[in-house]
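Thanks for coming. I have one structure to go through today, and I will keep it short.

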Amino acid sequence: MILDELKSVGSAKYRLACEIEHHHHLICLRCGSTVVLDKCPMADVLATIDDFTIINHRFEVYGHCTSCAQVL
């Protein structure tokens with residue numbers, strides 16, 4: 001079993017690591033739900049970099065899902 005660490009402001013949460021191909025997440029800070037992003041933002045970053053070899057990357061966006069935003 002592989003765990004993924006989800007870092008947020010002042011804390012960390014853990015969940016089972018995804019085993020699907022390359023993807024990124026939107027993560028709710030309140031309930032921990034995640035949504036898979038269909039597009040990798042690195043394509044835009046790579047277009048601006050020519051003097052660095054990227055081996056791996058991680059992209060997560062933190063906020064509140066619709067249900068949690070309604071009760072805040």
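I will go from the overall chain to one hairpin and then to a surface patch.

This is a predicted model, in which local features need pLDDT of at least 70, side-chain atom pairs count only at pLDDT 80 or more, and totals for chains, interfaces and linings use all residues. Residues are numbered from 1 along each chain as its sequence is written, and side-chain values use heavy atoms, with hydrogens and water left out.

Confidence comes before the fold. pLDDT is the predictor's confidence in each residue, from 0 to 100. The protein chain averages 79, and 72% of the residues score at least 70. Among its elements, strand β1 (residues 3-8) has the lowest mean pLDDT, 57, while helix α2 (residues 66-71) has the highest, 94. Where pLDDT is low, the predicted coordinates should not be read in detail.

Now the layout. The protein chain has two helices and five strands, in the order β-β-β-β-α-β-α from the N terminus. Helices (H or I, at least four residues) and strands (E, at least two) are DSSP runs, numbered from the N terminus.

How much of the protein chain is buried? Buried residues make up 15% of the 72 residues; buried means under 20% relative accessible area, exposed over 50%, and partly exposed in between, with a 1.4 Å probe and protein chains only. The protein chain exposes about 5,800 Å², and carbon and sulfur atoms supply 56% of that area. Accessible areas come from the Shrake-Rupley method with a 1.4 Å probe; for residues, only the protein chains shown count as cover.

Next, the hairpin. Strand β4 (residues 34-37) runs antiparallel to β3, and four bridges join them; two strands pair if DSSP finds at least two bridges between them. His-25 stands opposite Val-36 in β4. Five residues separate the two strands of the hairpin, and Gly-32 in the turn has a positive phi of about 85°. Gly-32 is partly exposed, at 28% relative accessible area. Gly-32 and Cys-65 are 33 residues apart in sequence, yet 9.0 Å apart in space, C-alpha to C-alpha.

Last, the patch. Leu-26 lies in strand β3, residues 24-28, and is partly exposed at 33%. Together with Val-35, Phe-59 and Val-61, Leu-26 makes a nonpolar surface patch of about 280 Å². Patches are made of residues with over 30% relative accessible area and no salt bridge, with like charges joined within 9 Å and nonpolar side chains (Val, Leu, Ile, Met, Phe, Trp, Tyr) within 5 Å. A salt bridge is a side-chain nitrogen of Lys or Arg within 4 Å of a carboxyl oxygen of Asp or Glu.
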